[in-house]
Amino acid sequence: LPLPQMSQGNVLRQVARLELARGVPAIQPDLWVFDLPAAGLEPLQRRFLQMYGSTSGLTFALSMFTVMAGIAASPILLARAGTTHSIYAARKSMAWAVLVAGFAVLTISASAVFLRFLIVDQGGGTTPDNLPAWFQTLQALGLARIDGPARVIGLSNISVLRDSTLFATAIAGTLPASLVYLSLAGILAAALIVVAGGIGTLGAILSEDVIGQDTVTANLRTARIAAALAAATGFAVASLPGDPLRLAYWAFTLTGATLFPTLVLAIWWKRMTKWAAIAGLVCGFVNAAAIL
């Protein structure tokens with residue numbers, strides 16, 4: 001369907017019924033537990049509607065608030081607001097950005113629902129010899145795995161790579177190879193857009209707001225140097241061994257703790273001063289870095 005979100009609810013109900021029939025347990029984590037899914041292949045030992053690997057509803061809601069605060073205070077949004085001619089145009093531009101981003105997020109979640117349905121419906125409850133051809137393709141690509149010898153494969157015997165949902169769904173749906181490559185190209189393009197936007201915004205902030213040269217030529221030269229430094233720093237951080245999902249959460253946490261309180265107070269509190277804003281930025285960053 002061109003709008004997969006419209007059929008997501010029906011498929012999700014079928015997934016819940018199939019998991020109940022397959023005997024997938026409902027794990028009840030502690031109130032303050034927050035356990036992210038592993039970066040590698042992870043067995044399907046929990047129900048799909050349970051948040052993350054071992055996460056309560058409270059900690060999941062707090063993590064979503066952290067992500068929203070980090071995105072709202074992200075400097076990359078300044079570039080979009082700064083290219084408009086008026087406040088109305090800035091609001092309109094941000095509204096379109098939210099609409100497009102929301103559509104993308106809903107599409108990704110719908111793809112995860114469809115992949116889960118295909119695995120539960122065609123993979124679980126079968127013998128190793130009767131696995132569908134698409135699952136064998138996922139195994140050959142290292143995106144899925146069958147753990148342990150079993151005459152009848154249960155969901156706990158199936159492991160799937162967490163970060164392969166979009167193109168794994170295309171493979172499981174037996175779509176043409178061109179669409180699989182198109183999904184991979186889309187993921188790469190989205191990542192490059194975010195990186196390029198962040199580098200350009202950081203360069204502009206450092207050249208205009210932090211250093212502040214007298215001429216346009218000097219500002220441009222400083223912006224290029226700052227962008228190069230930002231790109232080198234980002235490449236060094238991305239090269240560190242670690243889970244990309246955890247690194248993303250760290251980034252949202254640092255951004256939200258540093259910038260979001262100051263952003264809110266600068267809008268709603270008239271007594272906000274320059275030195276108070278600087279103190280808030282420093283305190284927020286130091287506290288978040290100490291906790292991480």
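Reader: To begin, at what angle do H4 and H6 pack, and how far apart are their axes?
Author: This is a predicted model. In it, H4 and H6 pack at an angle of about 45°, and their axes are 9 Å apart. That angle makes H4 oblique to H6.

Reader: Is the crossing of H4 and H6 left-handed or right-handed?
Author: The crossing of H4 and H6 is left-handed.

Reader: Which residues of H4 and H6 meet?
Author: From H4 come Ile-108, Ser-111, Ala-112, Phe-114, Leu-115 and Leu-118, and they meet Thr-165, Leu-166, Ala-168, Thr-169 and Ala-172 in H6. Sorted by class, this contact has eight nonpolar residues, three polar ones and no charged ones.

Reader: Let me stay with Ser-111. Is it buried or exposed?
Author: Ser-111 is found in helix H4, which covers residues 87–123. Ser-111 counts as buried because its relative accessibility is 12%, and the cut-off for buried is under 20%.

Reader: What is Ser-111 in contact with, leaving aside its neighbours within four places in sequence?
Author: With those neighbours left aside, Ser-111 is in contact with Thr-165, Leu-166 and Thr-169.

Reader: Now the charged side chains. How many salt bridges does a search of the whole structure find?
Author: The search finds four salt bridges. One of them joins the side chains of Arg-116 and Glu-19, at 2.7 Å from N to O. This pair links distant parts of the chain, with Arg-116 in helix H4 and Glu-19 in helix H1, 97 residues apart.

Reader: Are Arg-116 and Glu-19 buried or exposed?
Author: Arg-116 counts as buried, at 9% relative accessibility. Glu-19 counts as buried too, at 3%.

Reader: Which residue forms a salt bridge with Arg-162?
Author: Arg-162 forms a salt bridge with Asp-243, and the closest N and O atoms are 2.7 Å apart. Here again the pair links distant parts of the chain, as Arg-162 and Asp-243 are 81 residues apart. Arg-162 lies in the loop between strand E5 (158–161) and helix H6 (165–172), while Asp-243 lies in the loop between helix H8 (216–238) and H9.

Reader: How accessible are Arg-162 and Asp-243?
Author: Arg-162 is buried, with a relative accessible area of 17%. Asp-243 counts as buried at 10% relative accessibility.

Reader: Which residues do salt bridges that share partners join into one network?
Author: They join Arg-162, Asp-163 and Asp-243.

Reader: And what about Arg-145: which residue is its salt-bridge partner?
Author: The partner of Arg-145 is Asp-147, with the closest N and O atoms 2.6 Å apart. Arg-145 counts as partly exposed, at 36% relative accessibility. Asp-147 counts as partly exposed as well, at 21%.

Reader: Back to helices. How do H9 and H10 pack?
Author: Helix H9 (residues 244–268) and helix H10 (residues 274–291) pack at an angle of about 155°, with 8 Å between their axes. H9 is therefore roughly antiparallel to H10, since angles over 145 degrees count as such. The crossing of H9 and H10 is right-handed.

Reader: Which residues make the contact of H9 with H10?
Author: H9 contributes Thr-253, Leu-254, Ala-257, Thr-258, Leu-259 and Thr-262. H10 contributes Ala-277, Gly-280, Leu-281, Gly-284, Phe-285, Ala-288 and Ala-289. The residues of this contact divide into eight nonpolar, five polar and no charged.

Reader: A question about loops: where does Val-33 lie?
Author: Val-33 lies in the loop between helix H1 (8–22) and strand E1 (34–35). Val-33 counts as partly exposed, at 26% relative accessibility.

Reader: What is Val-33 in contact with, beyond its neighbours within four places in sequence?
Author: Those contacts are with Ser-54, Thr-55, Ser-56 and Thr-59. Val-33 and Ser-54 are 21 residues apart in sequence, and their C-alpha atoms are 6.7 Å apart in space.

Reader: Lastly, what is the phi of Thr-174?
Author: Phi of Thr-174 is near 50°, which is a positive value in a residue other than glycine. Thr-174 lies in the loop between H6 and helix H7 (177–211). Thr-174 is exposed, with a relative accessible area of 61%.

Terms used
Residues are numbered from 1 along each chain as its sequence is written. This is a predicted model: local features need pLDDT of at least 70, side-chain atom pairs count only at pLDDT 80 or more; totals for chains, interfaces and linings use all residues. Side-chain values use heavy atoms; hydrogens and water are left out. Axes are lines fitted to C-alpha atoms, for helices over the stretch in contact, and angles run from 0 to 180 degrees between N-to-C directions. Helices (H or I, at least four residues) and strands (E, at least two) are DSSP runs, numbered from the N terminus. Angles under 35 degrees count as roughly parallel, over 145 as roughly antiparallel, 65 to 115 as roughly perpendicular and the rest as oblique. A crossing is left-handed if the near helix is turned anticlockwise from the far one by less than a right angle, and right-handed if clockwise. Contact means heavy atoms within 4.5 Å. Ala, Val, Leu, Ile, Met, Phe, Trp, Tyr, Cys and Pro count as nonpolar, Asp, Glu, Lys and Arg as charged, and the others, Gly among them, as polar. Buried means under 20% relative accessible area, exposed over 50%, partly exposed in between (1.4 Å probe, protein chains only).
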